Amino acid sequence: MSDMTAAVSGAQRRRIFVNRRTKTILFAALIFFVILGVYLSGALLSDDLIQADFSKKALKPSLEHPFGTDLLGRDMLVRTVKGLSVSISVGMIASSVSAVIALFVGVAAATGRSWLDHFINWVIDLVMGIPHTVLLILISFACGKGLKGVLIGVAVTHWTGLARIIRSEVLQIGSQQYIGVSKKLGHSSWWITVHHILPHMVPQFIIGLILLFPHAIMHESGLTFLGFGLSPEQPAIGIILSESMKYLSSGMWWLAFFPGLMLVVIVLLFDRLGENMKKILDPYSAHE
Amino acid sequence: MRLEARNLGFCYAGGPWILKDVNFSMEEGERVGLVGPSGYGKSTLVKLLAGYLEPCEGEILLDGKPMEKKGVCPVQLICQHPEKAINPRWKMKKVLEESGMYREEVLEALGIEEEWLERYPRELSGGELQRFCVARSLFGGTHFLLADEMSTMLDVITQAQIWNLMLREVEKRKIGLLAVTHNMALADCVCTRTINLAQVNHIKCAEESGCKNGCEYGTV
Amino acid sequence: MKKERMENAPLLKVEDLSVSFHMYDKGLEQYDLKVISNLSLDVKPGEIVAIAGSSGSGKSLLAHAVVGILPENARLTGSITYKGEILDQKKKEAFRGTRIALVPQSIAYLDPLMKVGKQVTGGDRGKEAEISKKEIFKRFHLDEKIEKYYPFQLSGGMARRVLVSTAVISDASLIIADEPTPGLDLEMALEALKVFRELADEGKAVVLITHDIDLAFHIADRIAVFYAGTTVEMAKAEDFLEGAGKLRHPYSKALWQALPQNGFRPIPGFQPYARYLPKGCLFSPRCPHKTKECENDIPMSEIRGGYVRCIHAT
């Protein structure tokens, strides 16, 4: 009979040696180091490696130049890595700024007076209502394009979604009984926000921040591609892609293919990193 | 000190009256049982008395004066579900520190074990958590304790433990106790007098009028 | 003759059930939190078995294990049989709501976005469902306009009655009621319990999980006393009515004596947390009769027509 009892346990599963949290963390760490590696190599590789060399003009991908070379004879692999590096740092700064804005605005909307809440919701609707790219172009252009324009543009357009999530989360926490108790124990709403509410926001904030990365990077590249972003001297992915447009028809596919692919890979890696962090930090799935 | 409700009326926006023309008063040191059928607004009344809700009509007075909205409240509420009244991310020590009640004598008075302080709420049972809720409400400025079905979710041994501890403290400090309960045997054991809310609450007379406006901000 | 034997066969039989949760400690360490250990219980048709015991003694988890709604990280050993058939997860899901009905503990189990009337009938719009719903609402003193309410508009007591009616309306032969009475006044609580008695008299089996044990004594046939995730005593309800002397386990006696009407005298100490269970008898740290032998595994033994997990019981 005892072996039959084993059949009862539908919820019983084989014990896996490496548990899920370990796997998730290892995976997240791996992604983190890949991204860090790309960033550092881009920043550390000497500019001499992308000096124009007309003897090696427009070479197809080979062992020596895995991503081929462009019309000025520059190695596309080095250019791509350098471009990604710039993209990552732009994305990092812009999404951090965005997430911090989102945190402040979201908490302010949820804990402040009702007119403030209405006003913030109105601003969120306004920012979300205008087509993203148009708004980005306008802001970047108004701020004088270049690195500064892109950073400001991306930073001030991406906070809305996260701000909404944080606002509703704060409202939900704020209606908990222990908040009411805390008030009656004589604590100010500032004290309650700092001690009760903000610690609950940490997971949302980190996940939101990481998931903002891919957006920021994509929009930075898009903006640059359209010519409203980084200047042409900078080795940005957007620049590479927009240059390559001219030569695609002449069969030089590698100019667009590898940089584009690498951009997608980096974006996906960030996305996976965010999802993994979510699994670890979200209390509902934390024990699975 | 005297806790008093005068002509209290309450309803949620658009809803029917839950409380109407409720008059009630109790003195410090008294132990009052609040009984009555389900759905007569017992929980609503204690929430109003403790300031968790704002009355639509009438007023709540402490020694003849309206209660301060800010600052430490002399009327403290202990609810039915202790796990909801404690921040799940806090260690129990911090819960006590929040009200400044992390003191040797308090731990002893309520039978709180030293080792619980380093645990999270989910690692303690309802009865153990409820001790913390009582402990943090028993600071010097508390004059009235309202216990809303405080022990309904607890087993009888824990119930007897917690009430015995609480009665000792309430007696020692001359605190007024208002206990909401369905258990008449418990009310007989704990209270000096009982009030039946069905007799004090006049919602039946008010049914016709209903609550139309003015109570939009009834919730806090 | 055969029919009689069928009737006496338990409808639900739980044998040696253990439930543990696979939890994360700080960092990456995992541990198993054993919340139910070696628990046994059986219910026959036409019978109410009340489960009494402290919170955290695994009462609700037993109910969740039977209907198969334990969380993902729970692991279950032992056997649960329904009419002699072993219940696996698939069968639990198929039987849930049709043959086995659960009256859940809190209003949180109602769909917040569905009107009450619809939840009670389970979306069944037929005439018959309509009529039986009306009857049941009347039986529980629920106003007909409540049908149109959303759960958040109900008071605690009303919600509880709605929850009971959802189970009553289904045609299940086994009803598991998880704390159906707190929040109800005495009259309503008795009414609710009377309904369970009627259901049992119709031939259904009822498992009643409750803190209001004084009410349960009057309504149930047998009482199972749980402590720290295991059954410590299984006795006829009459024994509890007669007093502590008739009871077998020191914990059951303590329960009886802690009732407000029986002296309101609690024993000191606490139920151990599932992670730090004592060796052998789980009650031994609080037990006045503790001896060295209590540290061994204590089996269930039959004494005076009841079952008890104590070597000193007489």
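How much area is buried between chain B and chain A? I looked this up first: about 1700 Å² is buried between the two, and carbon and sulfur atoms give 56% of that. Buried area here is the accessible area (1.4 Å probe) that two parts lose on being put together, summed over both. The contact (heavy atoms within 4.5 Å) takes 16 residues from chain A and 22 residues from chain B.

A reminder to myself: this is a predicted model, where local features need pLDDT of at least 70 and side-chain atom pairs count only at pLDDT 80 or more, while totals for chains, interfaces and linings use all residues. Residues are numbered from 1 along each chain as its sequence is written, chains are lettered from A and ligands numbered from 1 in the order in which they are written, and side-chain values use heavy atoms, with hydrogens and water left out.

Next I turned to chain A on its own. I found 11 helices and zero strands there, taking helices (H or I, at least four residues) and strands (E, at least two) as DSSP runs, numbered from the N terminus. Its radius of gyration is 24 Å, well over the 19 Å that the globule rule gives for 288 residues, so chain A is more spread out than a compact globule. That radius is taken over C-alpha atoms, and the rule is 2.2 Å times the number of residues to the power 0.38. I also noted that the C-alpha atoms of chain A fill a box of roughly 75 × 65 × 30 Å along the principal axes.
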